[in-house]
Amino acid sequence: MLHVWLSGIESLLQLRELMFLALGMAIGLVFGAIPGLGGSTALALLMPLTYGLEPFTALALSGGVMGAVPMGGSITAILLNAPGTAPNAATCIDGYPLAQQGKAGLAIGAAASANSLGGIIGTISVLAVLPIAKELVLLFGPPEFFLLAILGLVVVATTSRGKMLRGLITGGFGLMVAFIGYNNVSGDVRFTYGVEYLWDGVRLVPALIGLFAVAEMINLMVKGGTVARDAGTVKITRMMSGVMETFRHPATVLRGSIVGTVVGAIPGVGGVVASFLSYSLTVQASKDPDSFGKGNIEGVIAPEAAINAKDGSALIPTLAFGIPGGAEMAVFLGILVLHGLQPGPLMLIQNQTEIYGLVWALTASCILASCVGLLLVRPLAMVTLVDSEILAPVVICIALVGSFAIDGQIGNVVITAVFGILGYLMLRFDYPRLTVVVALVLGGTAERSFHQTMMMNNGGWSIFVDRWVSALLLAAIVILLGSPALRMLVHRLRARPIAAEKPQT
Amino acid sequence: MPDVQRRCLLVSLGMSGAALMLPQPAFAAAIYPDKNISFVIPDGPGGGFDSYVRAITPAMQKYLSQKVTVVPTNVPGAGGARAANEIFRARPDGATIGIFNVPGIYIQQERGNAGFDLEKLTWIGRLGVDHYGLAVGENSPIKSIDDLKALAKQRPVKFTSTGPAGTAYNATLIAAHLLGIRAQLITGYKGSRDYVMGAVRGDGDAVVTAIPTLRRMAAGKTLRIIATFEEHGSVPGATDATALGQPELASITLQRLVAGPPGLSADITATLADAMTKALAAPEVEAWAKKADAGLAPESPEQAAATLKEQIAFYNKWKPYLKAGH
């Protein structure tokens, strides 16, 4: 085992491979930062260029891109409340308030170190799990996918503290939007009103760009001024203390990494769920849950650790069965096939050096990207001082162009614009946008998996408890749903004896 | 200027103007190809069709008389209809061609407001063809088609598949009917790897899909192929259409046909067909095909058009059965 790990590193430590790794990292950083682009676009654009490369070099390049994208995404998420990639939307929630308080450097520093640590922990988990990857992937079928989707929705609903009803409303809206389009189960086309573009449904990335990037810029223009509320408070020198913050919250990093690793390995669920789940669980476990959303550094560390951990484990279903863990992985599969590497159980046996080399490339790129990100913090944080009159139009333009660039459809731009306005209204009237995102991501999976489960079991519900993994997930859902009530009960029980001791007045 | 001289001047100017406007002789006519060619793919990067196109376009460039780039262009969406529309509406100057999943794209055309007509396109050739096969999970108690038939007598056999707009769905229903097996489809899976995994996991009893996909999974000892729908079986240990007494099973195929817009000239079609056939025989393409287990099966333009008609006729024959909502 160790010998294969080492052969992976050895193959990577050639000058050509390292150069391509660095190139991939630079591209990943830039593409990750620009909303709407991201890893899948970068890999798709690079694919024809990899044609002439050796397979291993192509893997080094791809690993470089995939490892750096999250860091790029977190920078724009923190500075502009515009997530560079969908999973980074969770980083916006506490990252942007920190930037508004002038602590952009602190946030980016924490994101950088969380990225690196998450990536390392993710890598170790993947290396440990790869030998039993096949069996693990086979444990998750439609019943488990359905319960996971419900788990994701429940987790997010229970963290809309005090705004539970609003959370449910926006979540319901997200689910409704998720059902638009061609339904793979029945063959019906729903709610498209004859618009051909909507046959594939409302795509997540344009909607996300609208909800966060555009909405935020509209808000900024209405408010006026700059992102950082007071220019004097922009302390970019707190970068190093930001890096150290991660080490001060080891539980958060570990929790985020584990969630990222586990969720990332489940195909189709993807990075968004990993980051939001990690965020929500951190809020739940915190002693001061109300401080989240206002600039709690743990709210940056948790999702960032999850995102980088998920990158490594998303390789598991991709390499073991050729089932992409997400859009990025789907393009990566194409690169593999182009180079004659057939993903599948055989690959795990025959191409071990390549696989381990890729995993190391991912990790190296992730750490490198964090360092480069740190070097760029100073100039980047200046963005928060740019006046909204300049910043907003520029960002909105980039957002709309990025939305179009995904696959060249003008429909994407329309979606971004519509969701931009909706997002602004949600901001203005204080409705959570988190639930819309999660519902959009999970709605389709939940419905499809439920129908498949029913078809598998001829309409019986017993299947959810007959399989041990679904039984476990069901238990987790019940606990999560019950825990706020439980907490309140415990709180009241503790308060009663004290009240009894109060002297009668 | 005196009258006569002016008239002469005007007449000579007029004549030279008219002469300039006359159709120019051959040296000014563009030699095809004179600009880059866009090779449209109906799927996103990373899919099966994408891999085929990206593997042959560099080779194709070598065999074209002028130095141009053949650019693989991904136009995903609407189950392939978006790409089909783009090719159907393109100018017939040879700058846009594309690859089609037949009969998959015909199913999309039947949807109604598709906007294109496959039989009007100018067919150029074929890159490959896949036959289908039937497999069960490695741990399944089912060992042969007869076992499946026995199971079907107790309850419908569950097959994992895509939605009704997919080729696999129809392939599964037709195959099950020809084999005399009562089938129930578990639909909703997103792609071929997804529903094959479903069979491996045990969501369903069996799966019908293209043979290369099955072979890949079987090599990793997760699947067992029990039948291939070919005249002469290519998988040892698995029975074939002839042995099963159902030669019609071999008509269930996935064709990767290439076409250009309606009205493409015969010269341009011939140039493209020639370049494609040579590219498919190129050593680097053959090497890729071997490694990727991708079948290469070139056809001439006339053969490709005939294949399309055959596939459409086959699908139309089965349409009433398929639409009866199984």
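I began with chain A and counted 24 helices and two strands. Helices here are DSSP runs of H or I with at least four residues, strands are runs of E with at least two, and both are numbered from the N terminus. The model is predicted: local features need pLDDT of at least 70, side-chain atom pairs count only at pLDDT 80 or more, and totals for chains, interfaces and linings use all residues. Residues are numbered from 1 along each chain as its sequence is written, while chains are lettered from A and ligands numbered from 1 in the order in which they are written.

**Chain A, overall**

I looked up the radius of gyration next. Along the principal axes, the C-alpha atoms of chain A fill a box of roughly 85 × 60 × 55 Å. I found that 61% of the 505 residues count as buried. Buried means 20 or more other C-beta atoms within 10 Å of the residue's own, exposed means 12 or fewer, and partly exposed lies in between, with C-beta atoms placed from the backbone. I also checked contacts between residues at least 6 apart in sequence: in chain A, 81% of them join residues at least 24 apart. A contact needs C-beta atoms, placed from the backbone, within 7 Å.

**Chain B, overall**

Chain B has 12 helices and 10 strands. Its radius of gyration is 25 Å, well over the 20 Å that the globule rule gives for 326 residues, so chain B is more spread out than a compact globule. Its C-alpha box is roughly 110 × 45 × 30 Å along the principal axes. Of its 326 residues, 51% count as buried. For contacts in chain B with a separation of 6 or more, 75% come from residues 24 or more positions apart.

**Where the chains meet**

I then listed the interface. On it, 35 residues of chain A are in contact with 37 residues of chain B. In chain A, α16 (327-338), α17 (345-350) and α22 (434-456) each supply at least two residues of the side that touches chain B. α16(A) gives the most, with six residues. By class, this side of chain A has 20 nonpolar, 11 polar and four charged residues. Nonpolar covers Ala, Val, Leu, Ile, Met, Phe, Trp, Tyr, Cys and Pro; charged covers Asp, Glu, Lys and Arg; the others, Gly among them, are polar.

**A helix pair in chain A**

I followed α4 (residues 55-80) and α18 (residues 352-375) of chain A. Their axes come within 7 Å and cross at roughly 35°. Axes are lines fitted to C-alpha atoms, for helices over the stretch in contact, and angles run from 0 to 180 degrees between N-to-C directions. The crossing of α4(A) and α18(A) is right-handed, meaning that the near helix is turned clockwise from the far one by less than a right angle. The contact includes A:G63, A:G64 and A:G67 of α4(A) and A:G357, A:A361 and A:G373 of α18(A). By class, it has 13 nonpolar, eight polar and one charged residues.

**Helix α11 of chain B**

B:D293 follows α11(B), and its phi is positive, near 55°.

A:L211 lies in α10 (residues 204-223). It is buried, with 26 other C-beta atoms within 10 Å. Leaving out residues up to four places away in sequence, A:L211 touches A:F419, A:G423, A:R433, A:V436 and A:V437.

A:G102 sits in the loop between α5 (89-100) and α6 (104-129). I found A:G102 buried, with 22 other C-beta atoms within 10 Å.

A:V413 is in α21 (residues 410-428). It counts as buried, with 20 C-beta neighbours inside 10 Å. Beyond its neighbours within four places in sequence, A:V413 is in contact with A:L400, A:S403 and A:F404. A:V413 and A:S403 are 10 residues apart in sequence and 5.8 Å apart in space, C-alpha to C-alpha.

Terms used. Contact = placed C-beta atoms within 7 Å. Rg over C-alpha atoms; globule rule 2.2 N^0.38 Å.
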